[in-house]
Amino acid sequence: MGRSSKDKRDVYYRLAKEGGWRARSAFKLLQINEEFDLFTNVNRVVDLCAAPGSWSQVLSRKLIEERDQKNAVKIVAVDLQAMAPLPGVIQIQGDITKVSTANEIISHFEGEPADLVVCDGAPDVTGLHDIDEYIQGQLLLAAFNITSHVLKKGGNFVAKIFRGKDVNLLYSQMKLFFTDVTVCKPRSSRNSSIEAFIVCLNYFPPEGYIPTMANPLLNQDLDYSSLEGINCMLTPFLACGDLNSYDSDMTYPLELEDGNDYIQLPPTQAPIKPPYETACELKKKNKIQEEGLSVNILT
Ligand code: SAM
């Protein structure tokens, strides 16, 4: 009953079953490809966060089944979850935030860089938007770090993003590494979802950039002093002022150095129209406690 009503409601869910795709997400990659022609002259691809495997299916069908020259093609798929086998797809069951996973991917390419990296990674959604966006951001950072190890100069990167309030910062950061960055919302991605895909074309890292798997927020073992130039992504923190001066977190006794009592001074410049003015007026007239008024003031 539940299944048939979902079948009726969601055309992509139905079409995925009819087309033999493992998930309706296949249409997202197909539609992104219609716009950006991602697969021409592409032989080595990494599919990050690949399970259950519909994006790997798209890659396998487009690069292997529909091509004459299939021997040169190498598709590596990574996910925390195990995935049923697919023709021509090498699988790694691993965590994309781990250096060991990056190394394992690299080992499969035998020294050759990838032409394309795709990532449809999503955390288990908590429903708390800020946390979900944060975790999605961390996954994207991990995906980008792996990408910076394996992608050839001029290669392309496609990743799922959540269009949260800080997404513009993400676009600017990607623009540092790719000459062409577009945010794309395929028709098959529900309008009600903040999901979108960042399509980054022509990998072009800044001169001197050394790929890293380090997440500066999480990696306590990072030797910050060794980072130089473009790799030094941390803003230095400097405590300033005389260390003998007052500590703003301390409370000091209200007596002056010469032994005189402290006299409370009025503000140098009182606010012209403070938001609490009405409350002060009412308090003076002893009206603030009256029923109804207190509610109006506080809400
Ligand atoms: N693209 C897939 C497809 O077409 O079938 C669907 C991907 S699904 C939306 C998101 C996947 O991200 C899940 O399978 C999940 O296990 C994976 N994932 C989340 N965090 C991960 C991590 N740290 N490392 C590897 N995979 C991860």
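Mentor: Keeping in mind that this is a predicted model, the space taken by the ligand is the second largest pocket.

Trainee: Which residues come nearest to the ligand?

Mentor: The ligand has 18 residues around it, and of these Gly53, Ser54, Asp79, Asp95 and Asp120 come nearest.

Trainee: And how does that shell split by class?

Mentor: The shell around the ligand is made up of nine nonpolar residues, six polar ones and three charged ones.

Trainee: How much of the ligand's exposed area does the protein bury?

Mentor: The ligand taken alone exposes 600 Å², and 85% of that area is buried by the protein.

Trainee: Switching to annotation, which residues does UniProt list under "binding site"?

Mentor: The UniProt entry, which is unreviewed, lists Gly53, Trp55, Asp79, Asp95 and Asp120 under that heading. From this set, Gly53, Trp55, Asp79, Asp95 and Asp120 are found in the lining of the second largest pocket, the pocket whose space the ligand takes.

Trainee: Where does Asp95 lie in the fold?

Mentor: Asp95 is in the loop that runs between strand E3, residues 89–93, and helix H5, residues 99–108; Asp95 is also one of the residues that come nearest to the ligand.

How values were computed:
Residues are numbered from 1 along each chain as its sequence is written. This is a predicted model: local features need pLDDT of at least 70, side-chain atom pairs count only at pLDDT 80 or more; totals for chains, interfaces and linings use all residues. Side-chain values use heavy atoms; hydrogens and water are left out. A residue is near a molecule or strand if one of its heavy atoms lies within 4 Å of it. Accessible areas come from the Shrake-Rupley method with a 1.4 Å probe; for residues, only the protein chains shown count as cover. On a 1 Å grid over the protein atoms alone, a cavity is a set of points where a 1.4 Å probe fits but cannot get out, and a pocket is an open set with protein on both sides within 12 Å along at least five of seven lines; lining residues have an atom within 4 Å of a point. A molecule sits in a cavity or pocket if more than half of its atoms lie within 2 Å of its grid points. Ala, Val, Leu, Ile, Met, Phe, Trp, Tyr, Cys and Pro count as nonpolar, Asp, Glu, Lys and Arg as charged, and the others, Gly among them, as polar. UniProt positions are given in the numbering used here, feature names are shortened, and annotations may be inferred rather than shown by experiment. Helices (H or I, at least four residues) and strands (E, at least two) are DSSP runs, numbered from the N terminus.
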